[in-house]
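Look over the sequence and the fold before reading on.

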Amino acid sequence: MNSEHTAQTSQPRLAFARLLAATAAFTLAGCALSRPATEAAPSLASDADIDALHASALVVDAHADIIALGERSPYAGDDGRSQVEPDKMRAGGVDLVVMAIAVGPMPRNPAGYAAARSKANEELEAAREIAASDANTVIVRSAADIERAQTRSQQALLLGFQNALILGRDQAALDEFYAAGARVFALTHMGHNDYADSSRPLFIAAQNTHEPDAEHGGLSALGRRAIARINALGGLIDVSQLSSQATLQAISQSSTPVIASHSNVRALCDVSRNLSDAELDALGRRGGVVHIAPFRGYLFDSGDAALIARIREARRAAELPEDYLYPFELYWEIDDPEARAAFTGAISELLGPGSLDVMLDHIDYVARRIGPEHVGIGTDFNHGSGIDGFADASEARNITAGLVARGYSAEDIRGILGGNFLRVLRAAEAGRRP
């Protein structure tokens, strides 16, 4: 919670009490909502009630990419600035963002490993500079730190780690990133690496083909050792970007609950980056949390034959293979910047501005299937994410308003906004073995 946002509500305790009474009539019963997700709900709470609930909750974004101070990015919003800048966090009442030290595909050889590590070090330093630039922003390392920052109305940044390519084959480097503050660990990005299979096999332009769907059959022996070491350190395992096999294996092997920091529902949008029902069920059984993203490429209607035909046409125009559904796929492999911009721009136009209602449909699906205690928000901001109504951190309150309108209880909303993430982070910390 932050002081600016709290100041907007004149009587937050009274308003919150009214909200509790208002939402009691349409609380989730068990794991099932009482009405279809697309049906308009009556407004049973005032703006002040929603403000009070949002201000009192711990609001967490479980995954955003790092944009260095002063840097402008085509992946960010219309203003080119980071979508999770501290001022945008304050405006939206966002208390914590997990900032991912992440790298994309690089060669799996000594030169590629060195380049990946250099990029990771740059991002680590950039995250530190973001915190240092704002008197009210701090880097945190634990659940206790997060709660302390919220009490002090500070914006908090927690470091994440994405793509074990950064490690080369030196698993011991995990300890170095933990010591630097990383607490959320994802083994892959796009393309398989030495640790695990990716949900997005890399396109090999020279051979005009993708990598095989599976190189390791999920986790490699190195990847299984990495999972064990992350558990021992007290880190939180993140299965976003892993293949389905690797996800199920990581869930099974981890001694503590895992998260998907920015993954949506495959039954609603059939792309390989989204989670199948089997993955959702396994994650729920082990106490984990799925963080839903406002990313149009994870939310579009994959059953819309006309849209799919137009996506295929855009691929042909870019001289790309058209048999891979993920709409933004392959942009890494287009060498010419103008051609890459033309392709991603064409796909973006096809997908349109996106819809907060569709994002809420994905939240509903997970809540119905495995329970609202297993749902969170992870935006993937600064990497192409953003939809109408949730374009950056300043619009996070719209999620709360949408959840109220769909009939979630105040308790469930507080969990979805951040309480569920805090619970699994605590569980990871409790599993630490010095």
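**The whole chain**

This is a predicted model, in which local features need pLDDT of at least 70, side-chain atom pairs count only at pLDDT 80 or more, and totals for chains, interfaces and linings use all residues. Residues are numbered from 1 along each chain as its sequence is written, and side-chain values use heavy atoms, with hydrogens and water left out.

The protein chain holds 16 helices and 11 strands. Helices (H or I, at least four residues) and strands (E, at least two) are DSSP runs, numbered from the N terminus. Of its 434 residues, 58% count as buried. Buried means under 20% relative accessible area, exposed over 50%, and partly exposed in between (1.4 Å probe, protein chains only). Among contacts in the chain with a separation of 6 or more, 73% join residues 24 or more positions apart. A contact means heavy atoms within 4.5 Å.

**Helix 12**

Helix 12 covers residues 305-317. Its 13 residues, at 1.5 Å a residue, should span 18 Å, and its end C-alpha atoms are 18 Å apart, which agrees. The expected span is 1.5 Å times one less than the number of residues.

Which residues of helix 12 are buried? They are Leu307, Ile308, Ile311, Ala314 and Arg315. Seen down the helix axis, these buried residues fall within an arc of 115°, so they line one face of helix 12. The arc is that of the directions from the helix axis to the C-beta atoms. An α-helix has 3.6 residues a turn, so residues three or four places apart point the same way. Helix 13 (337-351) is included in what covers the buried residues of helix 12. The face turned away from the buried side carries the exposed residues Ala305 and Ala317.

Asp304 caps the N-terminal end of helix 12, with a side-chain oxygen 3.1 Å from the backbone nitrogen of Ala306. Just after the helix, Glu319 takes a positive phi of about 60°.

Helix 5 gives the largest share, four residues.

The table gives relative accessibility.

| Residue | Relative accessibility | Class |
|---|---|---|
| Ser254 | 1% | buried |
| Ile139 | 31% | partly exposed |
| His362 | 1% | buried |

Ser254 sits in the loop between helix 9 (244-253) and strand 9 (259-260). Its side chain reaches the backbone oxygen of Thr256 at 2.7 Å. Beyond four places in sequence, Ser254 touches Ile227, Asn231, Ile237 and Arg286.

Ile139 belongs to strand 3 (residues 137-140). Its contacts beyond four places are Ala127, Arg128, Ala131 and Leu157.

His362 lies in helix 14 (residues 356-370). A polar atom of its side chain is 3.1 Å from the backbone nitrogen of Val265. His362 also touches residues including Asn264, Leu268 and Tyr298.

Methods:
A polar contact is a pair of N or O atoms within 3.5 Å; within protein, one must be able to donate a hydrogen and the other to accept it, and residues adjacent in sequence count only if both atoms are side-chain atoms.
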